[in-house]
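Thanks for coming, everyone. Please bring the structure up on your screens, and I will talk through a handful of its features.

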Amino acid sequence: MNNTSTQPGTGRNASPYLYGSEQAAVARVLAGGHYGHTRIVDEFEESVARFLGVPDAIAVSSGTAALHTALVAAGVTTGMDVIVPSLTFCATIQAILHCGARPRFAEVDPATLCLDPASVLDALTDSTTAVMPVLYGGRAVDLRPIRALLTERRITVIEDAAHAFGSYHGLHPVGATGELTCFSFGPIKNLTCGQGSMIIPRSAGEAHTIRELRQIGVVDTAAQRAASTTYRVTTAGFRYQMSALNAAIGGAQLAHFATTAAARRQLWRHYQSALSGVSGAALVDVDVDHSVPHLAVVKVPARDRVWTLMREQGIGVGVHYPPNHLQPAFAPWRRPLPVTERISRQILTLPFHQHLTGDDIHYVVSALQQALKETGAHP
Ligand SMILES: Cc1ncc(COP(=O)(O)O)c(C=O)c1O
């Protein structure tokens with residue numbers, strides 16, 4: 001087996017991309033000696049809110065923490081149902097379980113791998129309190145066909161926008177569509193803080209609740225705490241605030257986001273054009289004109305064999321995701337999802353990150369073509 005890629009950029013399916021200013025920003029925080037919630041975190045929140053054109057944004061320690069906090073803030077608790085696509089990272093499901101709620105697994109549209117509105121209707125119960133669309137690969141999810149019904153039933157939409165920082169839903173940036181939205185700024189996301197996330201609340205009241213929850217129930221600011229012999233704990237809460245070290249990385253990254261967005265779109269279009277001549281591999285559409293793509297995923301026959309052949313060439317292919325309704329931990333909430341089960345045997349994630357060159361992409365696509373030939377899927 002040959003694990004040494006001749007195209008170095010292709011060895012991993014994802015990789016963080018730094019611009020250089022991140023190191024200096026972290027060094028300044030380290031030298032300052034305050035690593036918890038500081039003014040740097042407030043400034044990062046303000047700059048993300050400005051970038052999206054929304055009144056407020058709340059930083060937390062991870063995308064998983066954001067989903068959990070948003071669910072709690074929306075009143076989701078024990079005995080309630082939350083509709084969620086099975087085809088997502090397991091973190092989405094764990095966040096629901098953290099609240100004591102039940103995941104109601106739903107299907108995705110095979111063309112986009114995003115939540116299928118018809119399947120949401122099918123999954124509805126009298127206990128449904130929230131729906132969590134996952135913006136797969138960076139693509140906005142269109143729930144307009146069922147929006148009126150969700151509003152009528154007072155069902156909250158909480159967007160898992162872990163993949164979708166910078167993307168648009170029509171004319172509005174994701175996060176500015178009026179839904180409660182959670183981004184992830186994990187190591188390989190469109191924008192990275194190292195580890196971190198931003199929640200976009202729907203109202204000032206919701207923002208207050210989220211700030212209480214993320215800081216172990218303490219709402220007093222650092223300045224208030226410094227000026228007093230006590231502090232107030234006003235609710236049960238979590239240790240979910242973002243460190244100033246992570247916010248410094250995020251702030252530095254945000255300053256370069258226009259470059260990030262353009263580079264990711266260009267790389268995705270490169271795949272689109274290189275794959276157009278490959279019969280047997282269908283690129284999952286991310287609506288690149290409106291999205292900052294996070295993944296390049298193809299549907300192929302004999303996926304496991306293709307995965308093995310490409311790994312043998314040292315190419316970092318992956319699978320996003322093994323379906324959650326078939327995971328042992330989530331067995332109590334299993335329901336038949338034939339579309340998801342079929343698609344999950346076809347999807348293959350190709351290397352997609354800003355270190356890739358056009359040559360890397362051609363190398364990956366040639367290797368894919370060769371693998372498809374070996375499996376008999378490409379003439
Ligand atoms: C779809 C999705 N949801 C949630 C998360 C969790 O985000 P984090 O890793 O920041 O906790 C991820 C992270 O990969 C993800 O891909």
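Predicted model: local features only at pLDDT ≥ 70, side-chain atom pairs only at ≥ 80, totals over all residues.

Let me step back to the two parts themselves. The domain assignment places domain 1 at residues 21-254 and domain 2 at residues 257-374, and the centres of the two, taken over C-alpha atoms, are 26 Å apart.

On the area, a brief general remark: the accessible area lost when the parts come together is often used to give the size of an interface. Here domain 1 and domain 2 bury about 3,100 Å² between them, and 58% of that is on carbon and sulfur atoms. Within domain 1, the residues that lose the most area to domain 2 are Phe 105, Glu 107 and Asn 190, which together account for 21% of what that side buries.

Turning to charge, the count between the two domains is 2 salt bridges. Asp 122 forms a salt bridge with Arg 335, where the closest N and O atoms are 3.3 Å apart.

Now to salt bridges in the structure as a whole, where a search finds 15. Arg 39 forms a salt bridge with Glu 43, with 3.7 Å between the closest N and O atoms, and both residues lie in helix α2 (residues 39-52), 4 residues apart, or about one turn of the helix.

Next, a sheet. The order β10-β11-β12 describes an open sheet of 3 strands with antiparallel pairing, and its edge strands, β10 (282-283) and β12 (347-350), each pair on one side only. Strand β11 (residues 296-299) is joined to β12 by 4 bridges, and the two run antiparallel; within that pairing, Lys 299 stands opposite Ile 347 in β12.

In the loop between β10 and β11 sits Asp 287, which has a positive phi of about 60 degrees although it is not a glycine. And which kind of peptide bond joins His 320 and Tyr 321? The bond is cis, with omega at about 15 degrees, and Tyr 321 itself is placed in the loop between α11 (303-312) and α12 (338-344).

Conventions
Residues numbered from 1 in each chain as written. Heavy atoms only, no water. Domains from an automatic or database assignment. Buried area = accessible area lost by both parts, 1.4 Å probe. Salt bridge = Lys/Arg side-chain N within 4 Å of Asp/Glu carboxyl O. Pairing = 2+ DSSP bridges.
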